[in-house]
Amino acid sequence: MDWTLVPFVMVMTFVFGAVVGSFLNVLIYRLPRDISVVKDPPSTCPKCGTPIRWFDNVPILSWLALRARCRTCKNPISIRYPLVEAAAGCLAVGALLRWGLTVTGAEVLVFAWVSLALCLIDYDHQILPNTLTYPSILFGLMCSLLGGYTGWLDSVLGAAVGALLPTLVIVIYKLWRGIEGMGWGDVKYLAAIGSVVGLHGVVGVLVIGATVGALFGLGLIVAGRGSGKTALPFGTFLALAVIFWLYAPASWLAWTTPL
């Protein structure tokens with residue numbers, strides 16, 4: 001291997017990921033609003049409606065060049081846009097460094113990108129669109145047949161348990177309190193997570209996500225910005241947990257050996 005090419009490959013991988021991140025920004029904005037990402041016109045400024053020209057739509061660089069303001073109306077452009085692009089680029093570099101050009105690397109990267117989009121959609125709107133969760137279940141199952149992150153049996157069991165656990169929570173909480181304790185989108189997303197990380201993985205992700213969510217909710221209560229009845233975007237915490245789980249060092253995840 002020509003090690004002199006490594007920096008170039010890493011930079012190009014980051015650029016590719018950042019371009020995908022730009023598309024993720026489109027998904028994050030349009031999917032909850034039922035706006036097509038295919039048929040509708042190119043991206044426009046959400047404040048003034050002016051179409052965004054190609055040179056103002058270069059990931060990260062355009063935001064910096066425009067000093068975080070729309071060229072036409074001068075309204076501020078959220079820092080979230082370049083942060084999502086940078087995160088997508090970092091996820092691409094991390095997947096390449098750890099797994100290389102393999103089925104596992106591709107599976108982890110694509111699912112991490114989808115989870116990044118779901119993280120922010122759920123945070124903004126508390127929904128997890130079926131257009132992302134259902135295909136993700138099939139994606140995880142298919143990758144397991146091709147030698148992906150986990151084996152086929154582990155993938156099937158992970159998807160089943162991922163769907164079963166939150167379903168039980170919803171049913172039991174409904175009988176106990178008369179309301180649903182979780183959304184059905186969480187059921188589908190956990191099934192997708194299980195299809196990718198397997199049985200032990202989905203349990204671990206659920207524990208991490210629930211812990212982070214509980215701490216977040218406690219923080220809101222302490223800060224006087226919420227109560228025990230405040231609805232939390234659980235999908236956001238699951239997304240952060242599964243990305244952490246996939247990219248964390250394998251040494252402390254040894255107990256998740258596939259079936």
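Axes here are lines fitted to C-alpha atoms, for helices over the stretch in contact, and the angles between N-to-C directions run from 0 to 180 degrees. This structure is a predicted model. Two packed helices are described by the angle between their axes and the distance between the axes. In this model, α5 and α7 pack with their axes 8 Å apart and at an angle of about 25°. Angles under 35 degrees count as roughly parallel, and α5 and α7 are therefore roughly parallel to each other. Their crossing is left-handed.

From α5, the residues that make the contact are Asn130, Thr133, Tyr134, Ser136, Ile137, Gly140 and Leu141. From α7, they are Lys188, Tyr189, Ala191, Ala192, Ser195 and Val196. Sorted by class, the contact of α5 with α7 has seven nonpolar residues, five polar and one charged.

## Ser136 within α5

Ser136 is found in helix α5, which covers residues 130-145. Is Ser136 buried or exposed? With a relative accessible area of 6%, Ser136 is buried, because buried means under 20%.

Leaving aside residues up to four places away in sequence, Ser136 touches Phe111, Val114, Ala192 and Ser195.

## Helices α7 and α8

Helix α7 spans residues 184-222, and helix α8 spans residues 234-247. The axes of α7 and α8 come within 7 Å and cross at roughly 115°. That makes α7 roughly perpendicular to α8. The crossing of α7 and α8 is right-handed. By class, the contact of α7 with α8 has 20 nonpolar, six polar and one charged residues.

The loop between α7 and α8 holds Lys229. Lys229 counts as exposed, at 74% relative accessibility. The C-alpha atom of Lys229 is separated by 34 Å from that of Val156, and these two residues are 73 residues apart along the chain.

## Aromatic pairs

How many aromatic pairs does a search of the whole structure find? The search finds five. One of them joins Trp54 and Phe55, whose ring centres are 5.6 Å apart. The planes of these two rings stand at 85°, so the pair is edge-to-face. Trp54 is exposed, with a relative accessible area of 67%, while Phe55 counts as partly exposed at 35% relative accessibility.

Another aromatic pair is formed by Trp99 and Tyr247. This pair is edge-to-face, with 5.9 Å from centre to centre and 80° between the planes. Trp99 is in helix α3 (residues 80-99) and Tyr247 is in helix α8, so the pair links distant parts of the chain, 148 residues apart. Trp99 is buried, with a relative accessible area of 17%. Tyr247 counts as partly exposed, at 22% relative accessibility.

## Asp56 in the loop between α1 and α2

Where is the place of Asp56? Asp56 is in the loop between α1 (6-30) and α2 (61-65). Asp56 is buried, and its relative accessible area is 13%.

Not counting residues up to four places away in sequence, Asp56 touches Ser62, Leu66 and Arg71.

Which value does phi of Arg67 take? Phi of Arg67 is near 55°, a positive value in a residue other than glycine. Arg67 lies in the loop between α2 and α3. At 73% relative accessibility, Arg67 counts as exposed.

Gln126 is not a glycine, yet it has a positive phi of about 55°. The place of Gln126 is in the loop between α4 (103-125) and α5. Gln126 is partly exposed, with a relative accessible area of 41%.

Key. Residues are numbered from 1 along each chain as its sequence is written. This is a predicted model: local features need pLDDT of at least 70, side-chain atom pairs count only at pLDDT 80 or more; totals for chains, interfaces and linings use all residues. Side-chain values use heavy atoms; hydrogens and water are left out. Helices (H or I, at least four residues) and strands (E, at least two) are DSSP runs, numbered from the N terminus. Angles under 35 degrees count as roughly parallel, over 145 as roughly antiparallel, 65 to 115 as roughly perpendicular and the rest as oblique. A crossing is left-handed if the near helix is turned anticlockwise from the far one by less than a right angle, and right-handed if clockwise. Ala, Val, Leu, Ile, Met, Phe, Trp, Tyr, Cys and Pro count as nonpolar, Asp, Glu, Lys and Arg as charged, and the others, Gly among them, as polar. Buried means under 20% relative accessible area, exposed over 50%, partly exposed in between (1.4 Å probe, protein chains only). Contact means heavy atoms within 4.5 Å. Rings of Phe, Tyr and Trp (its six-membered ring) pair if their centres lie within 6.5 Å; planes under 30 degrees apart count as stacked, over 60 as edge-to-face and the rest as tilted.
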